[in-house]
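Open the model in your viewer and keep the selection panel at hand. This tour goes from one selection to the next.

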Amino acid sequence: MFVFMRYTCTLIITVFSVLFLQAEAMHPFGSGVDTIPASIGEQDSSRVLLQAQKKQMASQMAKAAITYFIIRVPDEKFGYTVFIDGQMYIEQKSIPAVQGNAGFKTEEEATIMAQLVIEKIRQGEMPPTISIEELNKHNIVY
């Protein structure tokens, strides 16, 4: 019995040691012995990883059936829904990037933004975001 318990404890300690060393190696600050400044190596590798993920997502979305529908929202305004392969992905009832719950003033404005969102999805931007600058560029009244 004692030998079994001793073996089990040794095994548990070994497993935890291995896990600790792996976690330490993956820690953003490393083990404290780092010859390359974190700001150089990590930013570059993170950027490369992010670009690879975005490229993979764009490749997947190029094959997907992405559609949108303009919807009516309160106060005689408009919004849109975006579907990816038949599944609702976005239901946008208000103008994005702007405080409040007001919808788009016209169907055309909602259509422009829905098409921009689909373009961003196809480029691998997940989730797609709209900025104030983009609203201004497309003459969206908010």
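Select Arg 47: at 44% relative accessibility, Arg 47 counts as partly exposed (buried is under 20% relative accessible area, exposed over 50%, partly exposed in between; 1.4 Å probe, protein chains only). Helices (H or I, at least four residues) and strands (E, at least two) are DSSP runs, numbered from the N terminus.

A note on the source: this is a predicted model, where local features need pLDDT of at least 70 and side-chain atom pairs count only at pLDDT 80 or more, while totals for chains, interfaces and linings use all residues. Residues are numbered from 1 along each chain as its sequence is written, and side-chain values use heavy atoms, leaving out hydrogens and water.

Next, select Lys 120, buried at 8% relative accessibility. Which side chains meet Lys 120 in a salt bridge? Glu 125 does, at 3.8 Å, and Glu 134 does, at 2.8 Å. Glu 134 lies in helix H4 (residues 132-137) and Lys 120 in helix H3 (residues 107-122), 14 residues apart. Glu 134 is buried too. Shared partners join Lys 120, Glu 125 and Glu 134 into one network.

Last, show the open sheet of 3 strands, ordered S1-S2-S3 with antiparallel pairing (two strands pair if DSSP finds at least two bridges between them). Strands S1 (66-73) and S3 (87-92) are the edges. S1 and S2 (residues 77-84) are joined by 8 bridges. Ile 66 stands opposite Ile 84 in S2.

Terms used. A salt bridge is a side-chain nitrogen of Lys or Arg within 4 Å of a carboxyl oxygen of Asp or Glu.
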